[in-house]
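Biologist: I would like to learn how to read a sheet and a helix beside it. Could you take me through a case?

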Amino acid sequence: MRAWTSPEVPSLPVTGPAVRVHDTATGALVETRPEGPARMYVCGITPYDATHMGHAATYVAFDLLNRAWRNAGHEVTYVQNVTDVDDPLLERATRVGVDWAELALRETQLFRDDMEALRVLPPAHYVGAVESIPLAVAVIERLQAAGAIYQVDTDLYYSVTADHAFGDVSGWDRDRMLEIFGERGGDPDREGKKDPLDCVVWRGEREGEPSWPSPFGPGRPGWHVECTAIALEHLGAGFDVQGGGSDLVFPHHEMGAGHAQVAEPGVSFARAYAHAGMVAYDGEKMSKSKGNLVFVSALRRSEVDPMAIRLVLLRHHYRSDWEWTDDQLWDAVDTLATWRRALALGAGADSAPVVERVLAALATDLDAPAAVQAVQDWVEATLGTTGLADTSDPDAAATVHRLLDAALGLSL
Ligand code: 5CA
Ligand code: ZN
């Protein structure tokens, strides 16, 4: 499907350092070493409700990675999916009495508009689950050929034991896996399964649900295999970073990696697995199922500057869990007003150090709070509020303007 319109990204006077990110699988910071274009897959939305701040935080986090790579001189091939058929979408459509496909189209369009407003760079391939069903079928056939598939009624299951590296993405023990699996779409208690952790790869047709023909009978693909199939098709195995929120570590990214590693033995699915923290609101993880949501589109409708929303997100390290409060938004509005005052001066404090600090911070596990602090220091020096006023750089504002845009996605 169509992605969204890309903002212009200015070029910078210097090249940024090599980019390191935290890898969930090893628990360490790893240096990314793209061969050819950097390849990134980020799990996209299930489009049954509008983009909330948790989604926005996750996509802005990986946008920083995209930008850090570009600023380090790499091209980037970015792929994102849309889970445009899945249980929660079908349930919501039934509940509100709209056609599931129309609901998905509408919410996906709203997401595109939100991403454009937040200046998130679009993926090169924005791919729907429905349009990828043939890809998922092909992966399931490869899993079958590898002996990793068995049938329960009209459903096909994947044996987690088929991948000797099962558990390596999350690093979780079995008890924890069992506890969380059921909460996140799994069915540990289903009779006929060989292992409670085995996951569905093909869900046979159910009455009242959409289905598609396949060699396994009519039905639809499971959630995990959808992302595996799209990533293998558009990036190939061994791509640089698999991304998403930390709620996807297990089972989604664990299963997705397993499917790929059984379908294509000998290659790790991704070289690193990066996860954004969870954004909470009213004391709980912001989620469509709980309904404790702050929508990007609702704020946009009330004339809030999308750059202020983006600044709130940048002020939290992407890996931390944090809670959205309206105070932070108004604080960001005030901060941007101050930054704009400094930028309006034209000349300002020397821009070379702020360029270096911002690029270094972002290349070190996307440390946006440190980058924001570096900008704040330049603004204060330029406005003279720290007493260190140094207006030695006649083009400082133009440089910082470009830096904010290229590295942080803030167009002021
Ligand atoms: N369609 C699947 C991924 S294939 C899905 O998880 N969709 S979603 O709409 O539920 O979430 C979209 C993205 O936002 C995922 O990467 C998810 O990890 C992330 N996300 C969801 N809720 C939050 C939250 N409260 N805070 C941060 N990120 C979140
Ligand atoms: Zn996914």
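Predicted model: local features only at pLDDT ≥ 70, side-chain atom pairs only at ≥ 80, totals over all residues.

Biologist: Which residue of S9 is the bridge partner of Gly204?

Modeller: Gly219 is the partner of Gly204. As a general idea, strands of a sheet pair through backbone hydrogen bonds, either parallel or antiparallel.

Biologist: What is the order of the strands in the open sheet?

Modeller: The 4 strands follow the order S6-S7-S8-S9, and their pairing is antiparallel. S6 and S9 each have a single partner strand and stand at the edges, so one side of each lacks a neighbour in the sheet. On average, neighbouring strands are turned by 25 degrees against each other, direction ignored.

Biologist: Now the helix. How many residues does H4 have, and how far does it reach?

Modeller: H4 spans residues 133-145, which is 13 residues. From first C-alpha to last it reaches 18 Å, close to the 18 Å expected at 1.5 Å a residue.

Biologist: Which residues of H4 are buried?

Modeller: Buried here means under 20% relative accessible area. In H4 that holds for Ile133, Ala136, Val137, Val139, Ile140 and Leu143. They cover an arc of only 165 degrees around the axis, so they lie on the same side of H4. Pro134 and Ala145, on the other side, are exposed.

Biologist: What covers the buried residues of H4?

Modeller: The cover includes strands S6, S7, S8 and S9, along with helices H6 (223-234) and H7 (249-263).

Biologist: What follows H4?

Modeller: Gly147 follows H4, with a positive phi near 75 degrees.

How values were computed: Residues numbered from 1 in each chain as written. Chains lettered and ligands numbered in written order. Heavy atoms only, no water. Helix = DSSP H or I, 4+ residues; strand = E, 2+ residues; numbered from the N terminus. Expected span 1.5 Å × (residues − 1). Buried < 20%, exposed > 50% of the residue type's maximum accessible area, 1.4 Å probe, protein only. Arc of directions from axis to C-beta. Contact = heavy atoms within 4.5 Å. Pairing = 2+ DSSP bridges. Axes fitted to C-alpha atoms, helices over the stretch in contact; angles between N-to-C directions.
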